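Please examine the sequence and the model shown below.

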Amino acid sequence: MKNRSAIELYDTTLRDGTQGEKITLSVQDKLLITEKLDEFGVDYIEGGWPSSNPKDEEFFRRALHIRLKNAKLCAFGSTARKPDTIEKDPNLTGLLKSETPVITIFGKTWKAHSAVGLGLNDEENAELIFKSVNFLKNRGRQVLFDAEHFFDGYKDNSEFAMTMLQTAEEAGAERLVLCDTNGGTMPHEVYTIVQEVISVTNIPIGIHTHNDSDLAVANALSALRAGASHVQGTINGIGERCGNANLISIIPNVILKLDGHFHHKLNLNQLTSLSNSVYELLNLPPDNRAPFVGKSAFAHKGGIHVSAVLKESSLYEHIDPKTVGNRQRVLVSELAGQSNIRYKAKELGIELPESGELFKKIVQRIKKLEYEGFQFDVAEASFELLLHHELGKFKPFFEVLESKVHIESAKNREPVDQAILKIEVNDEIEMTAADGDGPVNALDKALRKVLRGFYPAIRTIKLVDYKVRVLEEKKGTSAKVRVLIETSDGHSTWSTVGVSTNIIDASLQALSDSINYYLFNMQETTYAAPAEVQ
């Protein structure tokens, strides 16, 4: 692809992406994503189907006031319903009212769909496509034609499918986009069919694939290798059923693997940021295992891998993570070797002595704890405290001497949960109690209540996530549980872990680590003098 012309990047996150289950965007969300896509360098942004719902109509009204630097805004819709009602067709007139410079319409290219779904013969379907495209083209719009179900239609009746494509071209369509709507086509089929289409058409060919066979990205890349110069997809691959082709994977593959280039110069090192920001606006957690941009994409756990990565990262990484705005991570676990410990210590800014005995001691300590159920690759704050403790640099800021949880429930009133703690801080012993929404919340409140008199800064931190996993399911209610807690001070977040056969004790371990970690890493080294507990 090195000597090929630039590839057009067409994003349909705001339209096709929102058809996915549990995917919803407000008008404001769509406007924010539009600005992000434009800044990144996308060529076309498909905003929605203006005739289908009031939200999309409002979006187009407001989007017209956005000054796009790179992208063209595009409205999406279907061909007219009948060949003899083009001028008054509500779908086509709605597309024109959106006032976008580009309009994408889809038409039937699988004979079974036109005959059964619309009740049209071949000539009527071709007439419908021609008149719809021509109507929009004659009103000054750039028209892109989405050939719906093209690959299935081509395999069923190639003559019919090609006739519909050529009809759209003759009517004035400027792009012919081949759609694998059902997502069942194989990469080798896509490659061959795209080549055959290119051989008999004279305008740029695009590709639009779905992921029902987990091949959407592979099929899109196969089409580009075969000569397509326009690719459609969504950020993070969101979309109906199994999703659309993931532009977050297509973009780096084109640039870094196929020596291709896009129409606009893309800030590839902003790829991870773009992916995460869209997840945030969708109110969805990022996919840690996503290629290129996931948190685990360049994470190494096995000691042998880490040892090699420290010498030459390319031995176990297919690209430099920084290229796509990601970073290399080394996980600490029962698989860890001394290389993992050395790497993590360096990453955390902790100097370790060269003594091999210290390394071995830490590794054995970690393996023992993970055998007991602890998991440090997802609780790096607990690991950091462990490392500092082994180095003799960390001593807990407090010690929980006793803990009791009282749970009272009655038929006619809300249950009451209360935690009572006896804590030693700076050689002082304090007793406190607090009510909460559940036993863990009560523990958290009681712990903070007694500690904020000694360490006022903890008022700024809050619990943002809490997870429990049963480790020995066959033991039923007597099984060990692992508690993972995520805490934030508004600027950063950190994760801690606790393990016990008692969920309250495991929670208290994780909560204590969380506060100790924050206090240990505070920039200020002087704390307020002990004060009366409030």
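Across the whole structure, a search finds 13 aromatic pairs; rings of Phe, Tyr and Trp (its six-membered ring) pair if their centres lie within 6.5 Å, with planes under 30 degrees apart counted as stacked, over 60 as edge-to-face and the rest as tilted. Tyr10 and Tyr44 form a tilted pair, at 5.7 Å centre to centre and with 40° between the planes. Because Tyr10 lies in strand β1 (residues 8-11) and Tyr44 in strand β2 (residues 44-48), this pair ties together parts that are 34 residues apart in sequence. Helices (H or I, at least four residues) and strands (E, at least two) are DSSP runs, numbered from the N terminus. Tyr10 and Tyr44 are both buried, a term that means under 20% relative accessible area, where exposed means over 50% and partly exposed in between (1.4 Å probe, protein chains only).

The model is predicted: local features need pLDDT of at least 70, side-chain atom pairs count only at pLDDT 80 or more, and totals for chains, interfaces and linings use all residues. Residues are numbered from 1 along each chain as its sequence is written, and side-chain values use heavy atoms, with hydrogens and water left out.

Ring pairs also link Phe394, Phe397, Phe454, Tyr455 and Phe520 into a cluster. Within this group, Phe454 and Tyr455 are both buried.

Phe76 belongs to strand β3 (residues 72-78). With a relative accessible area of 4%, Phe76 is buried. Setting aside neighbours within four places in sequence, Phe76 is in contact with Arg15, Glu46, Gly48, Trp49, Pro50, Leu95, Thr104, Phe106 and Asp146, where contact means heavy atoms within 4.5 Å. The C-alpha atoms of Phe76 and Asn91, which are 15 residues apart along the chain, are separated by 9.6 Å.

The helices come next. Two packed helices are described by the angle between their axes and the distance between the axes. Here axes are lines fitted to C-alpha atoms, for helices over the stretch in contact, and angles run from 0 to 180 degrees between N-to-C directions. The axes of helix α5 (residues 122-137) and helix α7 (residues 158-171) come within 8 Å and cross at roughly 25°. These two helices, α5 and α7, are therefore roughly parallel to each other; angles under 35 degrees count as roughly parallel, over 145 as roughly antiparallel, 65 to 115 as roughly perpendicular and the rest as oblique. On the α5 side, the residues that meet α7 include Ile129, Phe130 and Val133, and their partners in α7 include Phe160, Met164 and Ala168. By class, the contact of α5 with α7 has eight nonpolar, three polar and three charged residues; Ala, Val, Leu, Ile, Met, Phe, Trp, Tyr, Cys and Pro count as nonpolar, Asp, Glu, Lys and Arg as charged, and the others, Gly among them, as polar.

Helix α11 (residues 271-281) is largely enclosed by the rest of the structure, because eight of its 11 residues are buried. Among them are Leu274, Val278 and Tyr279. The cover over the buried residues of α11 includes α1 (27-40) and α10 (247-257). α10 and α11 pack at an angle of about 170°, with their axes 11 Å apart, which makes α10 roughly antiparallel to α11. Ile248, Ile251 and Pro252 of α10 make this contact with Leu271, Leu274 and Ser275 of α11. Just after α11, Asn283 takes a positive phi of about 60°.
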